[in-house]
Amino acid sequence: MACGCVARPWAVWWTRLVRAGEPSLTARGVALARARLDRPASPTGDPGGDVALAASLAEGGVEQLAHLAEHEPGATRRMLGFIKARTSFFDDVVLGAIDRGVPQVVILGAGYDGRALRFRTPGVRFFEVDHPATQADKRQRLEALDVATAGITFVEADFTEPGLEQRLADAGHRSDEPTQFLLEGVLRYLPEPAVHDLLACARRRAAAGSELAVSIVTRSPEEDDDAAAARRANDQRLADSGEAVLTVPAREVALDWLTDAGWSIGSVADLDNRPGRLLVRAVA
């Protein structure tokens, strides 16, 4: 029985890419993958700034991805399909919030996310929350590219440390106005107590009319040996890249965590029809 433990060439390349020394490792790879997508933008947005930011991170990676597309077409399609589906979900969430008149968008674990540029809209304030090292690098890149950051408030926070709620308040986030919270590709890299704290903090800052959109990686209680071995091998590659997978609950447990934090589940979908990769919308 095949164990699925051997890293495919694209996975080895991906790990090398994200180990290139940038403050956030997986965020760098995601930004590169997103650079290949055809995405929407608001009429007053700056999609060019988003593209320029991603290009500044690539450093030859686009050519490597094209090489992989030629030599590992199946694996490359699956990887890009996964990123495309997740990106489309969160893009649609932001556009929907803007259409509803939600005045605040909080991106938790923003990384090199360019949505605050792409969907810039008068009357909407974006808060990008991330680790200080990642934010410093991102802001330096935006400044070097001469990309305007009007409408964006940067909030430094380590999600494993207390104080996020106060940092948001100090940054001007209003807990008495509706907020669209985004939490994309973050939770599995946090220890479980930090997951609970982050979900609860967002809920405490969420006025009536607020929503949380979150991606959650879960495990199946019926996982067979091959699937378990493949999951462990992928987790090991991420750990080798410097970002270990720490928290992967069962599906129902993950949803219970949201309700325990005070959120009401609105919708749950399997990302790209792949069980174990959830896209959830929850309301305050």
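Two strands pair if DSSP finds at least two bridges between them. I started my notebook with that rule. Helices (H or I, at least four residues) and strands (E, at least two) are DSSP runs, numbered from the N terminus.

**Ground rules.** I am working with a predicted model, where local features need pLDDT of at least 70, side-chain atom pairs count only at pLDDT 80 or more, and totals for chains, interfaces and linings use all residues. Residues are numbered from 1 along each chain as its sequence is written, and side-chain values use heavy atoms, with hydrogens and water left out.

An open sheet of 7 strands runs 3-2-1-4-5-7-6, with mixed pairing. Which strands are at the edge? They are strand 3 (152-156) and strand 6, and each pairs on one side only. From one strand to the next, the twist averages 15°. Here axes are lines fitted to C-alpha atoms, for helices over the stretch in contact, and angles run from 0 to 180 degrees between N-to-C directions.

Next I checked one pairing. Strand 1 (residues 104-108) and strand 2 (residues 125-130) run parallel, joined by 5 bridges. In strand 2, Phe126 stands opposite Val105. Helix 11 packs on this sheet and touches strand 5 (211-217), strand 6 and strand 7 (277-283). Its direction makes about 150° with that of strand 6. Contact means heavy atoms within 4.5 Å.

**The cores.** I then turned to the nonpolar cores. Such a core is a set of buried Ala, Val, Leu, Ile, Met, Phe, Trp, Tyr and Cys residues joined through side-chain atoms within 4.5 Å. Buried means under 20% relative accessible area, exposed over 50%, partly exposed in between (1.4 Å probe, protein chains only).

The largest core has 35 residues, and Leu108, Val129 and Trp263 are among those that touch the most other members. Which helix gives the most to this core? Helix 9 does, with 7 residues. Another core, of 32 residues, lies apart from it and includes Ile107, Tyr112, Ala116 and Val147. I also listed neighbours of Val129: among them are Leu108, Phe159 and Leu164, leaving out residues up to four places away in sequence.

**The rings.** Rings of Phe, Tyr and Trp (its six-membered ring) pair if their centres lie within 6.5 Å; planes under 30 degrees apart count as stacked, over 60 as edge-to-face and the rest as tilted. I found 2 aromatic pairs by this rule. Phe89 and Phe90 are edge-to-face, 5.0 Å centre to centre, with 85° between the planes. Phe181 and Trp263 are also edge-to-face, at 6.2 Å and 75°. Phe181 and Trp263 are both buried.

A charge sits over a ring if NZ of Lys or CZ of Arg is within 6 Å of the ring centre and within 35 degrees of the ring normal. Arg203 has its charged end over the ring of Trp263, 5.9 Å from the centre. Arg277 does this over Phe82, at 4.6 Å.

**Two single residues.** Is Phe90 buried or exposed? Phe90 counts as buried because its relative accessibility is 0%. Phe90 lies in helix 5 (residues 73-100). Asp146 counts as exposed, at 71%. Asp146 is in the loop between helix 7 (132-144) and strand 3, and its phi is near 60°, a positive value in a residue other than glycine.
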